[in-house]
Amino acid sequence: MDHFADRLRAAPQSRLQRGAAAEALALARELARWTQRVEEPGTPPREMPDAGMFAAADQITVAGHDLAVALTDADDIAEAVRLVEEAQKRAGV
């Protein structure tokens with residue numbers, strides 16, 4: 001996740017506009033929802049706001065670190081890593 005965030009920070013604006021930032025925001029939202037389900041089961045889901053393409057790297061970093069703290073099951077951790085790797089590939093960074 002940190003590698004993905006670093007790649008986003010180094011990416012040109014044109015790459016972010018072509019979908020890399022949107023992919024990162026989608027990942028950040030998914031990770032944040034997952035964290036919420038673990039930490040606050042049964043509560044209505046909240047959506048991470050779109051803070052703009054230049055904030056996407058920070059958003060996945062925060063959401064990913066929050067999830068990493070919340071997860072304890074090795075299979076869940078492996079699934080989270082897989083989600084991040086797939087999102088990075090789709091983002092093309």
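Predicted model: local features only at pLDDT ≥ 70, side-chain atom pairs only at ≥ 80, totals over all residues.

Guide: Residues are numbered from 1 along each chain as its sequence is written, and side-chain values use heavy atoms, with hydrogens and water left out.

Visitor: Why does glutamine 36 count as buried?

Guide: Buried means under 20% relative accessible area, with over 50% exposed and partly exposed in between (1.4 Å probe, protein chains only). Glutamine 36 has 8% relative accessibility, so it counts as buried.

Visitor: Which residues does glutamine 36 touch, not counting those up to four places away in sequence?

Guide: Contact means heavy atoms within 4.5 Å. By that rule glutamine 36 touches Pro41, Thr43, Pro44, Pro45 and Arg46. The glutamine 36 side chain also reaches the backbone nitrogen of arginine 46 at 3.1 Å.

Visitor: What makes residues part of the lining of the second largest pocket?

Guide: On a 1 Å grid over the protein atoms alone, a pocket is an open set of points where a 1.4 Å probe fits, with protein on both sides within 12 Å along at least five of seven lines; lining residues have an atom within 4 Å of a point. Gln36 and Arg46 are among the residues lining the second largest pocket.

Visitor: How many residues of that lining are charged?

Guide: Asp, Glu, Lys and Arg count as charged. The lining of the second largest pocket has 5 charged residues.

Key: Polar contact = N/O pair within 3.5 Å; in protein donor to acceptor, adjacent residues only side chain to side chain.
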